[in-house]
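Visitor: Could you walk me through this model, please?
Guide: Gladly; let us look at it together.

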Amino acid sequence: MMKVLIVLYSKLTEDSQLVEKLEEKVSLLKKLVGPDSLYAVITSNMKHLFDKFPELVFLRNDEETLLYGIYKGLRKLRGNDVLLLDGKETITKERIINFISQRRKNLLSVAQNGWRGVAVLKMIDLDYIIRTMERFIKEDTDFLQIMKLVKEDYGIEYEAL
């Protein structure tokens, strides 16, 4: 079963459109993967989202960074395939369907400067990804860099889209 993890972090609080963007994202994801599979990692100053999104399961992002939020969410969702979304990324129905339909492998949306905020991670590889993230949890490392290390250390492949 696939779970969706939306990662919110402190830099996103500067975005005045955050709630509207999140409403669009949640509405789309509820239709595509179902309301029981939606998780969001939030910071302590985003508690106002509890009432706005009762369908989300909320997890705390104590460090308020993207990488820690991913780490915390992936630990919670061990045992599931995970569709990972950066809270700042805009998604379309076609883009999500493209990622979900290829869930037999790890997929990352990448640009020249790093990860572009969407990934599908297989359940069987989550422990290795989490173990690698633990080494860099206090650093400002790009998620693409983590996946490259996972590939080097464990031979786990990913496909860049």
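What follows is a short talk about the sheet, a helix on it, a salt bridge and a pocket.

Guide: This is a predicted model, where local features need pLDDT of at least 70, side-chain atom pairs count only at pLDDT 80 or more, and totals for chains, interfaces and linings use all residues. Residues are numbered from 1 along each chain as its sequence is written, and side-chain values use heavy atoms, with hydrogens and water left out.

Visitor: Which are the edge strands of the sheet?
Guide: Strands (E, at least two residues) and helices (H or I, at least four) are DSSP runs numbered from the N terminus, and two strands pair if DSSP finds at least two bridges between them. Seven strands make an open, mixed sheet in the order E3-E2-E1-E4-E6-E5-E7. Those that pair on one side only are strand E3 (57–60) and strand E7 (159–160).

Visitor: Which residue in E3 is the bridge partner of Ile-42?
Guide: Strand E2 (residues 38–42) runs parallel to E3, and four bridges join them. Within E3, the partner of Ile-42 is Arg-60.

Visitor: At about what angle does H3 run to E1?
Guide: Angles run from 0 to 180 degrees between N-to-C directions, with axes fitted to C-alpha atoms, for helices over the stretch in contact (heavy atoms within 4.5 Å). H3 lies across E1 (2–7), E2, E3, E4 (81–86) and E6, and its angle to E1 is about 155°.

Visitor: How far apart are the closest N and O atoms of Lys-72 and Asp-62?
Guide: A salt bridge needs a side-chain nitrogen of Lys or Arg within 4 Å of a carboxyl oxygen of Asp or Glu. Lys-72 and Asp-62 form one, with those atoms separated by 3.3 Å.

Visitor: How many charged residues are in the lining of the largest pocket?
Guide: Twenty residues line this pocket, and Tyr-9, Lys-11, Leu-66, Leu-67 and Asp-140 lie nearest its centre. A pocket is an open set of points on a 1 Å grid over the protein atoms alone where a 1.4 Å probe fits, with protein on both sides within 12 Å along at least five of seven lines; lining residues have an atom within 4 Å of a point. With Asp, Glu, Lys and Arg as charged, Ala, Val, Leu, Ile, Met, Phe, Trp, Tyr, Cys and Pro as nonpolar and the others as polar, the lining has seven nonpolar and four polar residues, and the charged ones number nine.
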